[in-house]
Amino acid sequence: MDYPEALQIEVTNRCNFSCQMCVRRVWDAKPTDLNMDLYKRVAESAFPHLKRLVLYGLGEPLINPNIIEMLKIAREKTSRDSEIKISTNGSLLNPRLAEKILRLGVNNVSFSIDTADIAKLKYIREGSEPTILLKNFRHIARLKRLSGGSFKLGIEAVVMKSNFMDLPELIKEASNENADYILVSHVIPYTRWTFQNAVYITLSKKPFEIVRSTLDYGRRIILEAIYETFCNVYGINTELKASKIIEGFWREAEKSGYWINLPLLFESMEKIAMIRDVERVFEETQKMAHEYGIELALPNLYPDARDRRCPYVEKATAVIRSDGLVTPCLEFAYKHTVYVNAHIKTVNSIILGDLRSESINEVWNRENYVRFREVRLRMPENIPWCGDCPYSASKCFFTENNSMDCYTNEPGCNECLYSVNLAQCNI
């Protein structure tokens, strides 16, 4: 029987923050802590086979009153070489608790810190007190130094218009505290407001470069092409200038295996104007990380339809929600909306099993889950990328929700920002 290499266990979906970009603002999930008996059953059957155990989901894990006992069981049941990872907003990880969880064998701790600017951080992480979480971060960094680096310490940052320029300073702060890594992710646009504050586009880089020189035309080029087409139909002589430009774009893109989504480009003009600034900051951040010896994972600024992969499938990871239901990834864990490719989409939860009545191994080896993973091992061949398709910005049926894509895959991963490394998850 096959086993997952890793489990991401959402020990609670409750949180003490209300972050500006969080999915919690657009869902109606019932607040739940993972049942302790259920956790023990999973630990008994699955933990000995794991390479990694990730104890966080869409809530703050340290809110769960049983977290210390859970960590103790985790270390007892996993192998000595297994990684136990926690991601926290840092507000509750006071010195006493930090020392406890490290004694229990947690060997990877990451803090959600989007900027070293305290005023910005307080705004982004609504409900936080940045001085407290930064104090907690510095204390655990001191414990890392005293232990001789017995665990990994990281930072997870979500970048938007308001804070992408702060990344170099965040590298300096991380270096001062001897952090090991910084994982940077773009924001998932759960609302139109979040989309407007994102600093990436979802059209593949190759078609974007093909049309970049004519973006000053804006939507006018489409209107002129339509006018020329009607003139041609009705026998009116007119120069087919715009039509030929668009036709040339399409021919060049298709030769490379891409489509061009012009409506999306025009919707993203403000982002396109700042792309060069973001590229400059990313380059400076990469250089500084190298100088300071910090492992830096930056997201893409553009996707590539021909280079896509599912991080959960690649890392053989399953997700267990705080109510015991099994889902293939956090993005499919709960029903929510997302504003992507210039349209609102409903993402329904995808549930593949229920650990209240079955084991994780039964769920993992079930035919529909095996098939789900097989298809996503070859995403460019098996799954369309809607960012390059003009229909995605025009109320295409297959982009209304994630039930099915136009290749008839169920569910649809055709607009997944994680698959194109725009969003990143710490698993």
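Which backbone oxygen does the side chain of N197 reach? In this predicted model, the side chain of N197 reaches the backbone oxygen of W193, at 2.8 Å.

Figure 1. A distance of 2.8 Å separates the side chain of N197 from the backbone oxygen of W193. When neighbours within four places in sequence are left aside, N197 is in contact with M160 and K161.

**Figure 2. An open sheet built from 10 strands.** The strands follow the order β7-β6-β5-β4-β3-β2-β1-β8-β9-β12, and their pairing is mixed. Strands β7 (295-297) and β12 (353-354) stand at the edges; each has a single partner strand, so one side of each is left without a neighbour in the sheet.

**Figure 3. The pairing of β6 with β7.** Strand β6, residues 181-186, pairs with β7 in the parallel sense, over 3 bridges. In one of these strands, β7, residue A297 is the bridge partner of L183. Strand β7 is also one of the strands at the edges of the sheet.

**Figure 4. Packing of helix α1 against helix α2.** Two packed helices are described by the angle between their axes and the distance between the axes. Helix α1 spans residues 36-46 and helix α2 spans residues 67-77; the angle between them is about 10°, and their axes are 10 Å apart. The angle makes α1 roughly parallel to α2. The crossing in which α1 passes α2 is right-handed. From α1, the residues M36, Y39, K40, A43 and E44 take part, and they meet E69, M70, L71, I73, A74 and K77 in α2. By class, the residues of this contact of α1 with α2 are 7 nonpolar, no polar and 4 charged.

**Figure 5. Packing of helix α6 against helix α12.** Helix α6 consists of residues 167-176 and helix α12 of residues 269-292; their axes come within 8 Å and cross at roughly 15°. The two helices, α6 and α12, are therefore roughly parallel to each other. Their crossing is right-handed. On the side of α6, the residues L167, P168, I171, K172 and S175 meet V281, F282, E284, T285, M288, A289 and Y292 in α12. The contact of α6 with α12 divides into 8 nonpolar, 2 polar and 2 charged residues.

**Figure 6. Packing of helix α3 against helix α5.** Helix α3 (residues 95-103) and helix α5 (residues 130-146) have axes 10 Å apart and pack at an angle of about 40°. Helices α3 and α5 are therefore oblique to each other. In passing α5, helix α3 makes a right-handed crossing. The residues P95, A98, E99 and L102 in α3 meet N136, H139, I140 and L143 in α5. This contact of α3 with α5 comprises 5 nonpolar, 2 polar and 1 charged residues.

**Figure 7. Backbone geometry at A342 and at P411.** Most residues other than glycine have a negative phi, and most peptide bonds are trans. Residue A342 is not a glycine, yet its phi is positive, at about 65°. A342 is found in the loop between strand β10 (336-340) and strand β11 (343-347). The peptide bond from E410 to P411 is cis, and its omega is near -5°. Residue P411 belongs to the segment after helix α16 (379-382).

Terms used: Residues numbered from 1 in each chain as written. Predicted model: local features only at pLDDT ≥ 70, side-chain atom pairs only at ≥ 80, totals over all residues. Heavy atoms only, no water. Axes fitted to C-alpha atoms, helices over the stretch in contact; angles between N-to-C directions. Helix = DSSP H or I, 4+ residues; strand = E, 2+ residues; numbered from the N terminus. Parallel < 35°, antiparallel > 145°, perpendicular 65-115°, else oblique. Left-handed = near helix turned anticlockwise from the far one by under 90°. Contact = heavy atoms within 4.5 Å. Nonpolar A, V, L, I, M, F, W, Y, C, P; charged D, E, K, R; others polar. Polar contact = N/O pair within 3.5 Å; in protein donor to acceptor, adjacent residues only side chain to side chain. Pairing = 2+ DSSP bridges.
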